[in-house]
Amino acid sequence: MSPAVGYTALVLVALSTVLIGIYGLRISRTTGDFYVASRTVRPWWNASAIGGEYLSAASFLGVAGLILISGVDALWFPIGYTAGYLMLLLFVAAPLRRSGAYTIPDFAQARLDSLLVRRVTSMLVVVVGWLYIVPQLHGAALTVRITTGLPSWVGPLAVVVVVCLSVVTGGMRSITFVQAFQYWLKLTALAVPVAFILFRLGADGRPITAGGSAFTADLNTTADASLYGTISLVIALLFGTLGLPHVLVRFYTNPDGASARRTTVIVLGLLSVFYLFPTVYGILGRIHTPELAAEGAADATVLLLPGRIFDGATGDLLSALVTAGAFAAFLSTTSGLVVSLAGVVSQEFFQGSVRGFRRAALLSALIPLVVALLTDSLALAGSVGSVFAFTASTICPLLLLGIWWRGLTDAGAIAGMLIGAVLCGGAIAVTAALGPEADDRWVWLGQPALWTVPAAFLTMVLVSRSTAGRRPASASRVLARLHTPEPPAHRD
């Protein structure tokens, strides 16, 4: 692809993001606008925005890359990413909206009447957010380097600049418009090129899959796949979705609990449609760009495949479209994370004002930028999978037990979150230190969710039972609010 085409795609996405953010600024006036868009976002808008921020670098680029390398084993990633929203629908969406909180720490303090629980939850939310932002910036570095030839540091810097402009000017209200637009841009950016590719391959009589017309003929399972690794990955993806701060904060923007449920149902549909396309790219990549796996560039499959099938202007235009979609993925996910982190950091350190929100947004974006510039990119979907395991072992138990179990105490919540953080974080750190060769011998470290998630839940339950006297007096009142549906008049 010509570098000029890459420049054009990136600039157009950046400009459209900033302009839509400026439009949102026109109606962002109050503190509520900046934190939760005054709780007036309707289900279709909110679902599109959730799709925009949730479908990150791991979804747009990483899933296809993993399918290129691992075949059918990698299909658990899109399945788990989507099924996690079914868990949200069943257990979290409506009660969390009814809590009336602005952030996850707000919910934790209201439920357990403890400032210390709030502080620990805030710390974990910030850690999760930073860990999730770093892979987005690594994906931006990969995309900019491949499509324009510019140094890798340009991509992360460009993402952070655009995100800060959008978030600082308009907050959640502004970002809602941006992310809804970016979901449909990402879907179009994958669907149109893959439709052209399939039509071209069919017209030329070239193979769509190896050895025949069945897709399964080319999705062989990798030899080193393990039942333990698969189960642990699924647990991480299912439960990890329940603890993602940038996803949960969007449910605070719905008018009521019923709208939150409808939003989640729509998101399930949007994600199911979207993940069809990275899967097809991965399958086609195993036939037409298999060398990318050996070169360690599997995450570039989506970016490079159109240029391998089409020559000339058609190839350039289709490549420009997927480049624009990839850049939108980095922008939308990073902006959602920065908004959620800014809300937490602002309330903890800057008195929760609009000015404090803006300062917190800059801080929330700059620290992961420094980390991304000082580290090398790993497999995008795999690195994000580690973040899911961490959230499943920390924030998820707090939410599920806080919503559904009256017996949870502040001591139990803190103990469970810290045990989950130490065990899961330690396993991830040791795996990173050992390198790729650790995956075969130490799969229980590389995929820790199967034992760290139960450990966190069990710790919360046991410590809460042993400290039953610390159960907050307000527990019954708070739980009643979480589980009492709004009157029908509120569901218009």
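1. Is aspartate 106 buried or exposed? Aspartate 106 is buried, with a relative accessible area of 14%; buried means under 20% relative accessible area, exposed over 50%, and partly exposed in between (1.4 Å probe, protein chains only).

2. The model is predicted, so local features need pLDDT of at least 70 and side-chain atom pairs count only at pLDDT 80 or more, whereas totals for chains, interfaces and linings use all residues. Residues are numbered from 1 along each chain as its sequence is written, and side-chain values use heavy atoms, with hydrogens and water left out.

3. The protein chain has 23 helices and 0 strands; helices (H or I, at least four residues) and strands (E, at least two) are DSSP runs, numbered from the N terminus. Of its 492 residues, 60% are buried.

4. The structure holds 5 salt bridges, a salt bridge being a side-chain nitrogen of Lys or Arg within 4 Å of a carboxyl oxygen of Asp or Glu. One of them joins the side chains of arginine 118 and aspartate 106 (2.7 Å, N to O). Arginine 118 lies in helix 8 (residues 115-148) and aspartate 106 in helix 7 (residues 104-112), so this pair ties together parts that are 12 residues apart in sequence.

5. Arginine 118 also forms a salt bridge with glutamate 348, with the closest N and O atoms 2.6 Å apart. Glutamate 348 belongs to helix 15 (residues 312-349) and arginine 118 to helix 8, so the pair ties together parts that are 230 residues apart in sequence.

6. Glutamate 348 forms a further salt bridge with arginine 119, at 2.1 Å between the closest N and O atoms. Glutamate 348 is buried, with a relative accessible area of 14%, whereas arginine 119 is partly exposed at 42%. Salt bridges that share partners join Asp106, Arg118, Arg119 and Glu348 into one network.

7. Threonine 452 is found in helix 22 (residues 449-466) and counts as buried, at 0% relative accessibility. Its side chain makes a polar contact with the side chain of serine 393 (2.8 Å). A polar contact is a pair of N or O atoms within 3.5 Å; within protein, one must be able to donate a hydrogen and the other to accept it, and residues adjacent in sequence count only if both atoms are side-chain atoms.

8. Leucine 374 is placed in helix 16. With a relative accessible area of 69%, leucine 374 is exposed.
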